[in-house]
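Let's take a walk through this structure together.

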Amino acid sequence: MADAMSAQLDTAGDRPVAGGEVLSIAGRTMRSRLLLGTGGFPSLEVLADAIAASGSELVTVALRRVDPGARGSLIDVLADAGVRLLPNTAGCHTARDAVLTARLAREAFATDWVKLEVIGDEDTLLPDAPELLIAAEQLVDDGFVVLPYTNDDPVLARRLADIGCAAVMPLGSPIGSGMGIRNPYNISLIREAVDVPVVLDAGVGTASDAALAMELGCDAVMAASAIARAQDPVRMARAMRAAVEAGRLARGAGRIPRRRYATASTPDEGLPEFGAIT
Amino acid sequence: MILLNGQSSDVRAGESVTAALIRLGLDVDARGVAVAVDGEVVPRAVWDSFALGDGARVEVLTAMQGG
């Protein structure tokens, strides 16, 4: 059984690598397949440098109460970086709050894109699936380009895609946990279950996690804490960029299957016979 | 009394959303700002004309690092 599952993971099967040369979400194309979260950076200066190092073209922002004493403008930094904004609904626990937050974000940032988060549990920050579906349906009906943060559940992902979500963003493990991809089989299944882009979101801890996501067939990776809270965020941004590119290349190249025993890479033909030691 | 971002304010009933924004030190043409009053979006186009009712809960929001 374990071998059969490994074999499934080890090959791309008959499916082409999804998405072609560029990432395309709702008709918008991006050359970078790394989405960047802006939370947790020690300063706006480091954030700006990390965006540049990551090559990311799409970054998330949250919506919070105006702080009259805030230093520097996040909006200005992101405008200077030339990136597109992906507002999130972080902190929302109900479909109602998430829908209202998305509408406010549309008003504030003049974008109908939204990374939809509806959280169901304070300790794990795991999505609340029923509320997520309700909010996604309302926002799609309202003309939003909806990218839902979802559980690593292929059935839920398919439901979200069927509703009309522009992509699905399954978690590798809980937000900010750095635990990597705890159920790679499900991520592969999600890639097979939907026709929209799959963006691995949450749980990425280091570059190899991002590479694995791409090897599993994800179309893009979202990294936030892994970069922002690294000891050297700018260097980690560069590492993530390289990892996403490497994983994408490896996926396209088609890895060898895992085998229990060795397979010689040097042929036996022409092997000399030296005779017995006398 | 108007509740502005969760705190009591000297904004009076009948004043506009724009008046509330000015209390927070914002320009009316500030980028990246959105307003909700009593849980409903108030579009920028009507900030000047939208009169706040007594006891209104005004949320003035902007971009924060997140996600």
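How many bridges join strand β9 of chain A to β10(A), and do they run parallel or antiparallel? Three bridges join the two, and β9(A), residues 199–201, runs parallel to β10(A). Keep in mind as you look that this is a predicted model. One pairing to find on screen is Asp201(A), whose bridge partner in β10(A) is Met222(A).

Now look at where the side chains go. In a regular strand, side chains alternate between the two faces of the sheet. In β10(A), which covers residues 220–223, Ala220(A) and Met222(A) point one way while Val221(A) and Ala223(A) point the other way. All four of these residues are buried.

Next, move over to another sheet in chain A. Three strands make up an open sheet in the order β6-β7-β8, with parallel pairing. β6 (113–116) and β8 (169–170) of chain A sit at the edges with a single partner strand each, so one side of each has no neighbour in the sheet. Strand β7(A), residues 145–150, pairs with β8(A) over two bridges in the parallel sense.

Glu117(A) lies in the loop between β6 and α5 (129–141) of chain A. Is Glu117(A) buried or exposed? Its relative accessibility is 5%, so Glu117(A) counts as buried. Its side chain makes a polar contact with the side chain of Lys115(A), at 3.2 Å. Setting aside neighbours within four places in sequence, Glu117(A) is in contact with Asn88(A), Thr89(A), Ala90(A), Cys92(A), Ala98(A), Tyr149(A) and Ile175(A).

Ala230(A) is buried because its relative accessible area is 17%, and the cut-off for buried is under 20%. Leaving out neighbours within four places in sequence, Ala230(A) is in contact with Ser225(A) and Met236(A).

Two residues have backbone angles worth a glance. Ala26(A) has a positive phi of about 50 degrees although it is not a glycine, and you'll find Ala26(A) in the loop between β1 (23–25) and β2 (28–30) of chain A. Over in chain B, Asp38(B) has a phi near 50 degrees, again a positive value in a residue other than glycine. Asp38(B) lies in the loop between β3 (33–37) and β4 (40–42) of chain B, and with a relative accessible area of 48% it is partly exposed.

Now for the place where the two chains meet. The size of an interface is often given as the accessible area lost when the parts come together. Here chain A and chain B bury about 2200 Å² between them, with 62% of it on carbon and sulfur atoms. Arg65(A), Val66(A) and Glu107(A) supply 32% of the area chain A buries against chain B, more than any other three residues. In terms of residues, 30 of chain A are in contact with 25 of chain B.

In one salt bridge, the side chains of Asp76(A) and Arg31(B) meet at 2.3 Å, N to O. On the chain A side, α2 (44–54), β4 (58–65), α3 (74–81) and α4 (95–109) each supply at least two residues. The largest share, seven residues, comes from α4(A). By type, the residues on this side divide into 17 nonpolar, six polar and seven charged.

Strands take part here as well. β4(A) and strand β5 of chain B, residues 57–65, are joined by five bridges and run antiparallel. Look for Leu63(A) standing opposite Ala63(B) in β5(B).

Finish at α2(A). Its buried residues include Leu44(A), Leu47(A) and Ile51(A). The buried residues of this helix pack against β3, β4, α3, α9 and α10 of chain A together with β5 of chain B. After α2(A) comes Gly55(A), whose phi is positive, near 75 degrees.

Definitions and conventions: Residues are numbered from 1 along each chain as its sequence is written. Chains are lettered from A and ligands numbered from 1 in the order in which they are written. This is a predicted model: local features need pLDDT of at least 70, side-chain atom pairs count only at pLDDT 80 or more; totals for chains, interfaces and linings use all residues. Side-chain values use heavy atoms; hydrogens and water are left out. Contact means heavy atoms within 4.5 Å. Buried area is the accessible area (1.4 Å probe) that two parts lose on being put together, summed over both. A salt bridge is a side-chain nitrogen of Lys or Arg within 4 Å of a carboxyl oxygen of Asp or Glu. Helices (H or I, at least four residues) and strands (E, at least two) are DSSP runs, numbered from the N terminus. Ala, Val, Leu, Ile, Met, Phe, Trp, Tyr, Cys and Pro count as nonpolar, Asp, Glu, Lys and Arg as charged, and the others, Gly among them, as polar. Two strands pair if DSSP finds at least two bridges between them. Buried means under 20% relative accessible area, exposed over 50%, partly exposed in between (1.4 Å probe, protein chains only). A polar contact is a pair of N or O atoms within 3.5 Å; within protein, one must be able to donate a hydrogen and the other to accept it, and residues adjacent in sequence count only if both atoms are side-chain atoms.
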